[in-house]
Amino acid sequence: MRAVLEAIQAGASGEEIAAIPLPDHFRAAFVRKEDVGMFEGVPSPQKDPRQSLHVEEVARPELAPDEAYVAVMASSINFNSVWTSIFEPLPTFAFLSRLGKESAWGKRHDLPYHVLGSDASGVVLKVGSAVRNWKPGDRVTVHCNYVDDQDPTAHDDSMLAANQRIWGFESNFGGLAELSVVKANQLMPKPAHLSWEEAACNALCNSTSYRMLVSKNGADMKQGDVVLIWGATGGLGGYAVQYVLNGGGTPVGVVSSPEKVKLLEDMGCAAVIDRRAADYKFWSGDTQDEAEWRRFGKDIRALVGDDPNIVFEHPGRQTMGASVFVTKRGGTIVTCAATSGYMIEYDNRHLWMKLKTIRASHFANYREAWAANALIAKGAIQPTLSATYPLDEVGEATYQVHRNLHEGKIGVLCLAPGEGQGIDDPELRAKVGEDRITMFRRHGV
Ligand code: NAP
């Protein structure tokens, strides 16, 4: 991969890049099938990704006709990197084995190791014979919606496809590696004003937040809406706050430290709740306390004078009861996750009597991911990169997210030898403003 990196850094043409012989092996981060029992009996927070994630050489898989090899310059940690590394809620090898049974090409994925990672920026090295819109040398980002376009169920909203998967989580050969194999319909142009690591950190969380709030497939936010955002400086929340501000809504951000409060205020989110300082006790043992939901609702009203039209939900069990309670009559709780537990409990009377809707959302289809990427490329939405780690320290980077020690997104340098490289449009960068682009980086904790 050294020749590939040198060619990219020297500004080699597409033809020159296409002519570089690809190595049989490349460095990648992976979990091992033989390790899936290693954390048995260990409580979730103590399961340590630094023990389960390995970075070593793996064999390069063959390329299917609808795929591309991408030289990965940078990637990012997502919460699904945490799930993969702690083998929760179930080991990802079950996904790989199911994919392996689907087709001859699917069989490549069913290996005793799983190369993870669901974000990437980089350069196309080679395309399969059926790829039309991309060629070697193209600078790209990768979104993680992995669909079989020969399946009829994929042709309304591809997130409804019967065998829709998340690349690098439910498939092998993910982005936390020097080289990745992706379907051509995962590729998007790299935002030219961003560095490799700034460009790599957006696709998964930015597209998810776009669908949840902006798309007609999500909560379909309107101007003037009050939107309560849990984890408002986290991976999803950092983009959600920007979408609400751009769309003429009023974000109410919930976070857990004075530093995060300050970051939100700097982003332009005036209404902020520090959940740790407020010390809400929504749960007491096995039951929930409506008085605490009410206190939370009053705090929101005190800040913005109204109840939220939309609640941006992902913590799950710990917060869902409160989220359903505080949502305005006729409002929407849009949920994409359940970090704190997926067996959810809420008081259904507050849902039906006040005609509220719980809307499920999951990643984004290609059109939505493309639209979200275009907003990044225009400088209308900023990356939320707060720190970067080299690929060798992927365990530590994942640990930081697992233990909620981070803000926004953590980037991982794969082939890129350092930060700040890959910026192709410095004029646009200056126009958007260094301060806005690097806001999370400067706040990095
Ligand atoms: P993240 O970067 O860890 O941010 C989540 C934030 O939520 C945390 O920083 C924390 O912020 C807050 N939070 C965590 N536990 C909480 C609790 N018990 N109560 C209240 N707030 C809590 O993660 P992310 O990237 O935003 O992802 C969040 C969840 O969404 C994960 O479960 C992930 O797997 C899922 N996800 C799903 C999709 C999808 O397509 N379905 C896409 C992306 C992510 P504070 O401590 O500051 O409050």
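Reader: Which residues are the closest to the ligand?

Author: This is a predicted model, in which local features need pLDDT of at least 70, side-chain atom pairs count only at pLDDT 80 or more, and totals for chains, interfaces and linings use all residues. Residues are numbered from 1 along each chain as its sequence is written, and side-chain values use heavy atoms, with hydrogens and water left out. Counting a residue as near if one of its heavy atoms lies within 4 Å of the molecule, 26 residues surround the ligand, and the closest are Ser256, Arg275, Thr339, Phe363 and His406.

Reader: How far is an oxygen atom of the ligand from an N or O atom in the side chain of Ser256?

Author: A polar contact is a pair of N or O atoms within 3.5 Å. For Thr339, a side-chain N or O atom is 2.8 Å from a ligand oxygen, and for His406 a polar side-chain atom lies 2.7 Å from a ligand oxygen. For Ser256, the corresponding distance is 2.6 Å.

Reader: Between which domains does the ligand lie, and why?

Author: The domain bounds come from an automatic or database domain assignment. Because both domains give residues to the shell around the ligand, the ligand lies between domain 1 (2-205 + 364-443) and domain 2 (223-360).

Reader: How many residues of each class does the shell around the ligand have?

Author: Ala, Val, Leu, Ile, Met, Phe, Trp, Tyr, Cys and Pro count as nonpolar, Asp, Glu, Lys and Arg as charged, and the others, Gly among them, as polar. On that basis, the shell around the ligand has 11 nonpolar, 13 polar and two charged residues.

Notes
A polar contact is a pair of N or O atoms within 3.5 Å; within protein, one must be able to donate a hydrogen and the other to accept it, and residues adjacent in sequence count only if both atoms are side-chain atoms.
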